[in-house]
Amino acid sequence: MNTCIFCRIVEGSMPAKLVRQDELSLAFEDINPQAPTHILVIPKRHIRSVQEAGENDAGLLGHLMLACKEIAKERGLAEAGYRVVTNVGSYGGQTVFHLHFHLLGGRHMTWPPG
Ligand code: 5GP
Ligand code: ZN
């Protein structure tokens, strides 16, 4: 069995509230939402973090960012604004080591982040 929980969501052996998917990516609701909208957008292929992405992944990374944009539009977040963030490694606060973009919206975000 795959030990990566996001790979398990991709293969369907772990339940998730799916928002959107295509051949390269999957989007689903975060289990512990930090904003009224909190969606995770991930590549179906396992990549540990953006730090492990290569030159060949440039298109995929753009694809994931555009998926965030589309979901933001569908959810009515575009006008008020929203945040897209990816955490990398320990200091970045990454806890699941399968690349993901957090799409957060529905409230005013603060800066700097904690
Ligand atoms: P990170 O801390 O790595 O940037 O973000 C990991 C995110 O994954 C967290 O926001 C956490 O709530 C979410 N998460 C962890 N386990 C699961 C799970 O099994 N299902 C879903 N839907 N989200 C998860
Ligand atoms: Zn994975």
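Predicted model: local features only at pLDDT ≥ 70, side-chain atom pairs only at ≥ 80, totals over all residues.
Local features are given for pLDDT of at least 70 and side-chain atom pairs for pLDDT 80 or more, while totals for chains, interfaces and linings use all residues. Residues are numbered from 1 along each chain as its sequence is written, and side-chain values rest on heavy atoms, with hydrogens and water left out.

Around ligand 1 there are 18 residues, of which E29, D30, N87, T95 and H102 come nearest; a residue is counted as near when one of its heavy atoms lies within 4 Å of the molecule. The shell divides into 8 nonpolar, 8 polar and 2 charged residues, where Asp, Glu, Lys and Arg count as charged. Two or more of the shell residues come from each of α1 (5-11), β2 (25-29) and β3 (37-43), and the largest share, 3 residues, is supplied by α1; helices (H or I, at least four residues) and strands (E, at least two) are DSSP runs, numbered from the N terminus.

A nitrogen atom of ligand 1 is 2.9 Å from a polar backbone atom of E29, and oxygen atoms of ligand 1 are found 2.7 Å from a polar backbone atom of T95 and 2.9 Å from one of V96. Taken alone, ligand 1 exposes 520 Å², of which the protein buries 85%, as computed by the Shrake-Rupley method with a 1.4 Å probe.

K73 belongs to helix α2 (residues 58-74). With a relative accessible area of 59%, K73 is exposed, a term that applies over 50%, whereas buried means under 20% and partly exposed lies in between (1.4 Å probe, protein chains only). From C-alpha to C-alpha, K73 and D22 are 17 Å apart in space, and 51 residues apart in sequence.

Key. Chains lettered and ligands numbered in written order. Polar contact = N/O pair within 3.5 Å; in protein donor to acceptor, adjacent residues only side chain to side chain.
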